[in-house]
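Biologist: Thanks for sitting down with me. Could you walk me through the side-chain packing here?

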Amino acid sequence: MAVMQKMTVPMTRSSAAALTFLYALGYPIGALSVSAMTPMLVLVARFALAGTILAGWALVARSVWPTGRQLGHVIITGLLMQAVQFCALYEALEHGAPAVLGAVVISMNPVVTAVLAAIFLGERLNGRRLVALALGVVAVLAACVHRLLATGGVDTVLVLLLVALLGLAAGGVYQQRFCADVDFRVNSAIQNLAGLLPAGALALLTPSVVHDAWQAAGAVAAVVLLNATLCTSLYVRSVSKFGAAAVAMLFCIIPAVAGLLSWILLGQRLDVGMGIGLVIGALACWLNARASRPAQAADAPPRPTIEVATAAPTPAPAAAS
């Protein structure tokens, strides 16, 4: 039976700029929020508010909600992409991880996703993607070299960032395998509400403190509205309209923009290792995105492909914010 593929159009500069800015903004405002109150409180507010907004949107749009086994798949995806990613990322930020370091590590998601898709979905892992994977490892090591030397090895922050990266990538692959037909508003709403369960449990089991109520309110509002809702919606629209490969190219520059915004909002400056990591990471993302283009242009019969899950801060077809 023939499968109709949706045609994509070239990505506009305005769409690329808006998505890059909103995605990159998620890292410094996430850091601002965890400096104002403990991470699990931030995530309880994030997941509850974003889940409510997206569920309301889905109800207004009269979207179809999954049931039975498919509902279980969406919940598992939410536990990976939302709970694992953000619990680990926000804990790392609270423990002193610079926002740009989080951006560099998490932005290797397209490369890691390609590898996981090759392992679990049988997708082709060509030479360019292997080179991109090697460059991604070098980029992360370069960005972390100062911390590795200062701590004498891998510390809690680096472990948490790697866990966040794996949660996002694994969730993206799982979502593309089992939840591709679920409406993105419903998908995102259920995933956020699924993430609320472990975040709420951890908030009850660990000390919860609000250091600055006004800063916490402003930062959480920004996280929910700009990052978890607006950024996700724009990401999903961009993947659908312009294609996953075009969106993946943005990860070449998202960490650099996150670094600039972190300097403006937080006063965090790049060290030499992070600067090198930004450059090498951009090259890795560029190679990975280029590697997917020949397959899309080929005349062979269409086959299921993985759409890259991002570090944006809430998901859609395979996004995460």
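Modeller: Gladly! Keep in mind that this is a predicted model. The structure holds four aromatic pairs, and we can begin with one of them.

Biologist: How are the rings of Trp57 and Phe184 arranged, stacked or edge-to-face?
Modeller: Their centres lie 5.5 Å apart. Planes over 60 degrees apart count as edge-to-face. The planes of Trp57 and Phe184 are at 85°, so this pair is edge-to-face.

Biologist: How many residues apart are Trp57 and Phe184 in the chain?
Modeller: Trp57 sits in helix 2 (residues 39-60). Phe184 belongs to helix 8 (residues 184-205). The pair links distant parts of the chain, and the separation is 127 residues.

Biologist: Is Phe184 buried or partly exposed?
Modeller: Buried means under 20% relative accessible area. Phe184 has 23% relative accessibility, so it counts as partly exposed.

Biologist: Which residue places its charged end over the ring of Phe86?
Modeller: Phe86 is buried, and so is Tyr90. These two form an edge-to-face pair, 5.8 Å centre to centre with 80° between the planes. Both lie in helix 3 (residues 68-94), four residues apart. The charged end over the Phe86 ring, 4.0 Å from its centre, is that of Arg46.

Biologist: What is the N to O distance in the salt bridge of Asp183 and Arg185?
Modeller: The structure holds one salt bridge. Both Asp183 and Arg185 are buried. Their side chains meet with an N to O distance of 2.8 Å.

Key: Residues numbered from 1 in each chain as written. Predicted model: local features only at pLDDT ≥ 70, side-chain atom pairs only at ≥ 80, totals over all residues. Heavy atoms only, no water. Salt bridge = Lys/Arg side-chain N within 4 Å of Asp/Glu carboxyl O. Buried < 20%, exposed > 50% of the residue type's maximum accessible area, 1.4 Å probe, protein only. Phe/Tyr/Trp six-rings, centres within 6.5 Å; stacked < 30°, edge-to-face > 60°. Helix = DSSP H or I, 4+ residues; strand = E, 2+ residues; numbered from the N terminus. Lys NZ or Arg CZ within 6 Å of the ring centre and 35° of its normal.
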